[in-house]
Amino acid sequence: MAASEIPAKRVVLGVTAGISAYKAIEVCRRLVDAGVHVAPVLTPDAMRFVGAATFSALGSEPAQSSLFEGSSPIPHTALGQADDLVVVAPATADFLARYAAGMANDLLTATLLATRAPVVVCPAMHTEMWEHPSVRENLATLVRRVVAVVPPGEGPLAAGDVGVGRLAGPADIVAVVLGMLGSSGDLAGRRVVVSAGGTREPLDPVRHLSNRSSGKQGHALASAALRRGAEVTLVTTVSTPMPAHPRLSVVRVDTAAEMEAAMGIESEKADVIVMAAAVADFRPVKVANRKLTKDDGIPDIVLEQTPDILRALVARRRPGQVIVGFAAETDEPLRRARAKRASKGVDLMVVNDVSAPGVGFDHDTNAVTIIAQDAEHEVPLSAKEAVADAVLDEVVELLGRDQGAPRARGEDS
Ligand code: PMT
């Protein structure tokens, strides 16, 4: 089928003012070759490095760079609303700062504010700038908003310098974009259900028992699965939604009971289930129907166990389904997590020692050991996105290995 007959996905290719802007020409050409409709948007300073004429010739429509000079009176909303994805390559330190701050002072940043499509940024800059705390913080802000990052590589930089900060290769950038569009990716065609966040078990209409889970690890898993081409359902207690994505459904829940119901429904057709949520183990037996006050005296709160969602999912696992649990531990993490894996009957138990600095609850980073029946794989302290990819790498391997044979259920379930 000719490229023009393919129902093309639409991508805005943003180019900012870095020396590696010339590589964006290759990104543009490769995306168009893959059947993608590419709308190039250059910042005014990017045109000091590369010409709009090149992008107009290679892209699917004329390159734009101004909010005011094109034929459309509101080009940013036209671009932002019509697109399936925005990729910015190279993304300079200045661009990252303006995007993180929500500025809209050129066509590219205005388009980014006007879009609900997923966004990929590909930073490129000198090593000193890449390592500067303000760049790291701006990037962390964007990652929290579930912007995907294709990190820079190491090698020769401008002016004869060598170090980290080199724009990722065009082939790698295009692979990420196509994965996010669902055109490819090692989870393309797979259904993945992820749980995230800490459940809240009410005591009365204004109070609840909960834990410190922020949902970041679960959201990073959902985001990585999307990037790798999966259809994703995120069952989350977090009220800040992930950006809309054509292959993402979000189910908001609060309590363990609500999460159990949602996971039961959503897991029926899933190929992969990942329980990254911190589900309360106990909940109050009685929920007062009015606010408890000091006048009532100190309440006697009697707790009962919540349902073990993971164990129930394993008990009704369908053939070929891969099930992943997380274990948040503080004492003897490996021993306890190995026992938990066997007892709950999951394929993978991902253990984090949440007493270690930068690990587990509410951090942007995590360090885990992924425990399978026959192997263990340590992931050192890394961004939660990298941990998510390491977990999904193992999931992909299990999906490839499994030819539909049901696995053993929990040894004591
Ligand atoms: O959300 P973040 O701030 O990013 O933090 C991430 C995290 C620390 C919450 C995450 O990495 C993590 O460890 N999640 C699991 C926390 C947990 O509940 O661990 P657990 O050892 O108590 O439970 C083991 C497994 O059983 C988990 O997959 C849990 O989802 C599941 N479970 C637990 C209790 C229950 N009633 N039902 C369950 O399904």
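A polar contact, as I use the term, is a pair of N or O atoms within 3.5 Å; within protein, one must be able to donate a hydrogen and the other to accept it, and residues adjacent in sequence count only if both atoms are side-chain atoms.

I am working on a predicted model, where local features need pLDDT of at least 70, side-chain atom pairs count only at pLDDT 80 or more, and totals for chains, interfaces and linings use all residues. Residues are numbered from 1 along each chain as its sequence is written, and side-chain values use heavy atoms, with hydrogens and water left out.

**Ligand**

I looked up the backbone contacts first. For F326, a backbone N or O atom lies 3.0 Å from an oxygen atom of the ligand. At D362, a polar backbone atom is 2.6 Å from a ligand oxygen atom. At A276, a polar backbone atom is 2.9 Å from a nitrogen atom of the ligand. I then listed the surroundings (a heavy atom within 4 Å of the molecule): 29 residues surround the ligand, the closest being S213, S214, K340, N352 and D362.

**Helices α9 and α13**

I took helices (H or I, at least four residues) and strands (E, at least two) as DSSP runs, numbered from the N terminus. Axes are lines fitted to C-alpha atoms, for helices over the stretch in contact, with angles from 0 to 180 degrees between N-to-C directions. Helix α9 (residues 216-227) and helix α13 (residues 384-401) have axes that come within 8 Å and cross at roughly 60 degrees. The two are therefore oblique to each other (angles under 35 degrees count as roughly parallel, over 145 as roughly antiparallel, 65 to 115 as roughly perpendicular and the rest as oblique). For contacts (heavy atoms within 4.5 Å), I found K216, Q217, A220, L221, A224, A225 and R227 in α9 meeting K384, E385, V387, A388, D389, V391 and L392 in α13.

**Helices α1 and α8**

I found helix α1 (residues 21-33) packed on helix α8 (residues 170-181) at about 45 degrees, with the axes 9 Å apart. That makes α1 oblique to α8. From α1 the contact uses K23, E26, V27, R30 and L31, and from α8 it uses P170, A171, I173, V174, V177 and L178.

**Backbone**

I noted a cis peptide bond joining A89 and P90, with omega about -5 degrees. P90 is found in strand β3 (residues 85-91). A159 sits in the loop between β6 (153-156) and β7 (162-166).
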